[in-house]
Amino acid sequence: MSAATKKATIVGGGVIGGGWVARFLLNGWDVSIFDPDPQAKRKVGEVLANARRSLPSLYDKAMPTEGKLTFHDTMAEAVAGAIWIQESVPERLDLKHKIHRQIQNHAPADAILGSSTSGFKPSELQDGALRPEQIVVAHPFNPVYLLPLVEFVPSAATPAEVTQRASDLLVSVGMKPLVVRKEIDAHIADRLLEAVWREGLWLIKDGICTTEELDDSIRYGFGLRWAQMGLFETYRIAGGEAGMKHFMAQFGPALEWPWTKLMDVPEFTDELVDLIANQSDTQSGHMSIRELEQLRDDNLVGIMRALKKSGSGAGGTINTHEATLPNPAPVDLPITVHRQVPQSWTDYNGHMNEANYLEASAQATDRFMEMIGCDAAYIAAGNSYFTVENHVRFLDEVHEGDPLIITTQVLQAEGKKMHLFHRLSGADGKLAATVETLLLHMDLNVRGTSLPSDEVARKLRDFADGHAALPIPEGAGRYVGQK
Ligand SMILES: NC(=O)c1ccc[n+]([C@@H]2O[C@H](COP(=O)([O-])OP(=O)(O)OC[C@H]3O[C@@H](n4cnc5c(N)ncnc54)[C@H](O)[C@@H]3O)[C@@H](O)[C@H]2O)c1
């Protein structure tokens, strides 16, 4: 482990443990695993494969180099030097107590010991522990590598310093810790989910709808609202201009009507279990679990990338995390983009769609503008560059998951004009495309061209002077149809 590399230990490498492995590993942490199941390596490997094809797609920058992944036969070996230990063994209190004791016998005393438990309170987990103050609930959501939320539940025995340090570490791996104010069985989100599940089971048992119809009632409607505004912000809008008080006055009394069966759980007879399982087979049996996972991940990435534009909900978390990822280091020509090709950029031909070559080069232009001081503050002050012409040459295919690196050469920098040449290379550094782009400096207040500030002009000139000695790139100045 290098001095700068952080180490996490994952105890229990199932559905959730595997997701934690991916979350830490792809954020550059070394990860050690303790799971006696002989299938653990295969299972973690499958979760990792899904994570590698989806998580980097959320970002417009390269993620850190993956850390080192190791499997261990003894707990002592697994937890040595860890600063975060995440327990994700089956949901049984006696088992969790046993494992926590084993962990605490060997782990550094200042490591954070998070439990993925969906239901137990931290005080229950801490009961009889060697160092109660070390154990907290860090309840994630599946897939842990994509969904940012972690319900972080401290107890009265948890020092405030531990909560702060744990929250900071979770943010550093792109997560959104929600610190739960008071411990309660099943925390916040699972209480909501259980309420919906209980009501859903009644609706199916009573023959009101099938599993598919119930899912449709969520995903075609309020599920889309929930993903970006949650419950109360959407209800605020539902109240119209009169607002939340009006909404509550209008719909609150309905809660007292005898609609709900929430307090009542249907008996899990064989008949009910078969009814649900058969309907679920009819609904989704045509796809394997792996195929369903990949469909889920692709949809999540698409939704979260849309949220990234507005910074709403999970999109804000991605933006915050992306800002901490390093910018590419300049070489002879500045690297203006270094990222992975997301699945959503590929088309029916199985390679990157032509529009996304332009999207990537627009990202390169934006980054170059930042480098010369045309940054958010400069733009907010009413100045920017607008693209007036682009010429793209498509030279090679790039595929989902390929690295994409763009270098930017200044061909001309005079007055209002900035003339750039982007080279896009994919796997093995092979040139995949060039984009020649002409931009004009604008005064955003009058929406007309103008001269850049002295500072921006100077920085641009520095690049232009540095690049003046370089040969004119092959392919510069071409137009459509040229031989
Ligand atoms: N599945 C979910 O959607 C979900 C979501 C959030 C939290 N959780 C919580 O995460 C925890 C794990 O759930 P899961 O769904 O990943 O279960 P799982 O059955 O998929 O995985 C449990 C893993 O623990 C391993 N294990 C069993 N005994 C062990 C031991 N003594 N030492 C080390 N490893 C051991 C098993 O081999 C298995 O790989 C539970 O507490 C659960 O409540 C689950």
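Are α12 and α13 roughly parallel or roughly perpendicular to each other? Before I answer, some housekeeping. I'm working with a predicted model, where local features need pLDDT of at least 70, side-chain atom pairs count only at pLDDT 80 or more, and totals for chains, interfaces and linings use all residues. Residues are numbered from 1 along each chain as its sequence is written, and side-chain values use heavy atoms, with hydrogens and water left out.

**Entry 1: α12 and α13.** I looked up α12 (residues 289-310) and α13 (residues 313-324). Helices here are DSSP runs (H or I, at least four residues), numbered from the N terminus. Their axes are 7 Å apart and the packing angle is about 75°. Axes are lines fitted to C-alpha atoms over the stretch in contact, and angles run from 0 to 180 degrees between N-to-C directions. So α12 and α13 are roughly perpendicular to each other (65 to 115 degrees; under 35 is roughly parallel, over 145 roughly antiparallel, the rest oblique). From α12, Met 304, Leu 307 and Lys 308 meet Ala 314, Gly 315, Ile 318, Asn 319 and Glu 322 of α13 (contact means heavy atoms within 4.5 Å). I noted 4 nonpolar, 2 polar and 2 charged residues there. For the classes, Ala, Val, Leu, Ile, Met, Phe, Trp, Tyr, Cys and Pro count as nonpolar, Asp, Glu, Lys and Arg as charged, and the others, Gly among them, as polar.

**Entry 2: α7 and α11.** Next I checked α7 (residues 189-205) and α11 (residues 270-284), which pack at about 90° with axes 10 Å apart. That makes α7 and α11 roughly perpendicular to each other, therefore. Leu 201, Ile 204 and Lys 205 of α7 touch Leu 272, Leu 275, Ile 276 and Gln 279 of α11. The tally for this contact is 5 nonpolar, 1 polar and 1 charged.

**Entry 3: α2 and α12.** The axes of α2 (residues 40-54) and α12 come within 10 Å and cross at roughly 30°, so α2 is roughly parallel to α12. Residues of α2 in this contact include Glu 46 and Arg 53, and those of α12 include Arg 290 and Asp 297. I count 1 nonpolar, 3 polar and 6 charged residues in the contact of α2 with α12.

Conventions
Helices (H or I, at least four residues) and strands (E, at least two) are DSSP runs, numbered from the N terminus.
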